[in-house]
Amino acid sequence: MPGRVPPALHVRGLAAGYGGAAVVSDIDLQVQLGDWLGLLGANGSGKSTLLRAITGQIPMLEGEISISGINLNAAPERAKSLLGYAVDGPDLPGTLTPRQYLELVASIRRCTANAWPVEGLPNHFGFAPWLDEPIAACSLGTRAKVSIAAALLGAPPLLILDESLNGLDPVSSWRIKQILRSMVAGGGHAVILSTHMLETVSTVCNCAVFLHNGRIARRWDAAALEAARAAPGGVETSIMQALSD
Amino acid sequence: MASPVQFVWRYQLLLMRNAARQAWACHRRDTLVIALGGGLLLVHEIDVIHIELTEHAAALAKHGMRLLAAGAGMTSVAGILRARRSVRSSASLLSRPWLAPLPWPSETLAQAQLSGCVLPGLAQTLLTAALAALLFSWAGWPQCCAAALLATAAFATGFVTTALAMHAPTVGQRPVRAVEPIAPRFTPFATWIAPIDRARPAWCGTWAVAQLRRRSGVLLFGSAAIITAIGCTIAIAQAWPFVAVAADWVAAHMIFLTLLNALPLASPALRPQPIGFVPAAFAMLRIPLVLSLLAFAGAGTISMVATGAPARLVAAASGLLLLANTIAGITAIGLPTQRSLALFVYVSAVLLTLYEQIEYGYAIYVCLAAFTAFMFRQGRRSFYAR
């Protein structure tokens, strides 16, 4: 259909894993602009593996991934330019400073090192004093903030956070959620958040999927989450039911 | 609860089992390429060594005692080096932060550190014995078993004495770090090269170079400086321009090899970024390449002035340096997480090519080109996760 906006992420029949063995399989997923998807699942259920496949870090064994209509396999650079991935804190280059890391990401994304949706993000997130210290000297929380700040550089349409809000202080966590919420509300962005914090899903996500043994075992669309929210603790109860089933 | 000694042994067995599992979990295609390609190459090289030793058996026999002493000396040094590595690896294992809360006395930890050398020591001694027996028998050595035994004893003596000498109760006393070492190891150097590392993608050179160990860097840089100094002194004294240029070349290439590190190519911080393989790979080579060529340009100019080396010779050597650096760089890119292995593979490939050139002429360079192309393909595949 001409003029139709492609989904921020379209995953069809994905199987991916390590050393030729599938860890996740039969994954069909669509995330529209304006969606905030909560990715849930027990430890080892395949959440991080799925996100690594979506960000082109591990081989796809089957299926197809499109980011804003661009096939990841056919045009990896173009597809990756449309996503921002908050790297796990320990994976950041410890020998660089946060400033150097942000400049590295900005130079690759061909934007300035302060092209954030909010001005003065290091001050806002509270890592400005650490900008010129080696990342290895930063706490895990500071690393997570630097990582999220790097993912936000150039404001790509799809933002992927792999348990990045874990370990953040409440103020920073709230501020980050506020920024992401306003971006999603604008309709030009989508967020995928893998987390174990059910209250986060309950408060910010408008859809969620639950992974079990590498497959999507349950989905909640906007209507289902809204219905669950009607009762106090309803979302948590619904998710806990899925977990215990 | 297991004692530290039991822990070290179990952990080593676990590491071996994991390594075997990882090798088995490789793509079948990769396993086939490694097993068939590497296997064929190994068989060929063993055959070459066999032929060379058999052919030169008479010449070797003339220098019997001297060669035996040299062989024993070499295996003894190998034993010392292997023991140092084993002790360090064992000590590093026992200094992990997650072991710190366990109530193990430092004397027991030191004992465990020594026990950690037993398995690798035994395996390496057996390997030395087998290799020595094979080489001495191929060389037609009289009483080859006794000679092999002597080489093995030299290795074992070097290993055991070093391991015992390093057996100090340092493990438990070492302060345990909760996080990785904080300061970048190459900070001053990284700061110095910073201005040429701002091109897109910025800071990749600093990232790669700063990960290198200061000690090995100083060692290689020191060797490069010594080689240049000796080469230039001889060349100036004897008016041998070729020697001067060759020394400059070796030193410049060593600078490149010292600074070469492609590990960031495998980093989750770089791979989800919208950058192609070629610019990302080039970013890893940029700083080493620039510094190597600058070093050669400087030293080459001095050689030209001091020894009257023709400009044509220096220009040809520059081209060769660029080529050698490119091949080494591509090998490193093909094995981004295995820096030492990449260096070993590169040096072996070059030495093998030079040796085989005697038999096959320049046609052998086609194989070197194919090898380089294969490494490039491997690097590209792993970067794009295909």
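A residue counts as buried when its relative accessible area is under 20%, as exposed when that area is over 50%, and as partly exposed in between. By this criterion B:Val245 is buried, because its relative accessibility is 4%. The model is a predicted one, and the values given here are computed from it.

B:Val245 belongs to helix α11 of chain B, which runs over residues 241–259. Apart from residues up to four places away in sequence, B:Val245 touches B:Phe296, B:Ser303, B:Ala309, B:Leu313, B:Val314 and B:Ala317. B:Arg286 lies 41 residues from B:Val245 in sequence, and the C-alpha atoms of the two are 23 Å apart.

From B:Ala133 to B:Leu149 the separation is 16 residues in sequence and 7.9 Å between C-alpha atoms.

Chain B as a whole contains 15 helices and zero strands. Of its 386 residues, 39% count as buried. Among contacts in chain B with a separation of 6 or more, 79% are between residues 24 or more positions apart. The accessible surface of chain B is about 21,000 Å², and carbon and sulfur atoms supply 73% of that area.

The loop between α8 (187–193) and α9 (204–210) of chain B holds B:Pro201. The peptide bond joining B:Arg200 to B:Pro201 is cis, with omega of about -10°. B:Trp203 is also placed in the loop between α8 and α9. The phi angle of B:Trp203 is near 70°, a positive value in a residue other than glycine. With a relative accessible area of 4%, B:Trp203 is under the 20% cut-off and therefore buried.

Chain A has nine helices and 10 strands. The radius of gyration of chain A is 18 Å, close to the 18 Å given by the globule rule for 245 residues, so chain A is as compact as a globular protein of that length. Its C-alpha trace spans about 50 × 45 × 40 Å along the principal axes. Buried residues make up 55% of the 245 in chain A. Of the contacts in chain A with a separation of 6 or more, 70% involve residues 24 or more positions apart. The accessible surface comes to about 9,900 Å² for chain A, with 51% of it on carbon and sulfur atoms. Chain A carries 18 positive and 20 negative side chains, and the centres of these two sets are 3 Å apart.

A positive phi in a residue other than glycine is found in chain A at A:Ala155, where the angle is near 45°. A:Ala155 is located in the loop between α5 (140–152) and β7 (158–162). The relative accessible area of A:Ala155 is 26%, which lies between 20% and 50%, so the residue is partly exposed.

The contact between the chains is considered last. The size of an interface is often given as the accessible area lost when the parts come together. For chain A and chain B the buried area is about 2,900 Å², of which 59% is on carbon and sulfur atoms. On the side of chain A, the residues that lose the most area to chain B are A:Gln57, A:Thr95 and A:Ile108, together 21% of what that side buries. The contact involves 34 residues of chain A and 32 residues of chain B.

How values were computed:
Residues are numbered from 1 along each chain as its sequence is written. Chains are lettered from A and ligands numbered from 1 in the order in which they are written. This is a predicted model: local features need pLDDT of at least 70, side-chain atom pairs count only at pLDDT 80 or more; totals for chains, interfaces and linings use all residues. Side-chain values use heavy atoms; hydrogens and water are left out. Helices (H or I, at least four residues) and strands (E, at least two) are DSSP runs, numbered from the N terminus. The radius of gyration is taken over C-alpha atoms; the globule rule is 2.2 Å times the number of residues to the power 0.38. Buried means under 20% relative accessible area, exposed over 50%, partly exposed in between (1.4 Å probe, protein chains only). Contact means heavy atoms within 4.5 Å. Accessible areas come from the Shrake-Rupley method with a 1.4 Å probe; for residues, only the protein chains shown count as cover. Lys and Arg count as positive and Asp and Glu as negative; His and the chain ends are not counted. The place of a charge is taken as NZ of Lys, CZ of Arg, CG of Asp or CD of Glu. Buried area is the accessible area (1.4 Å probe) that two parts lose on being put together, summed over both.
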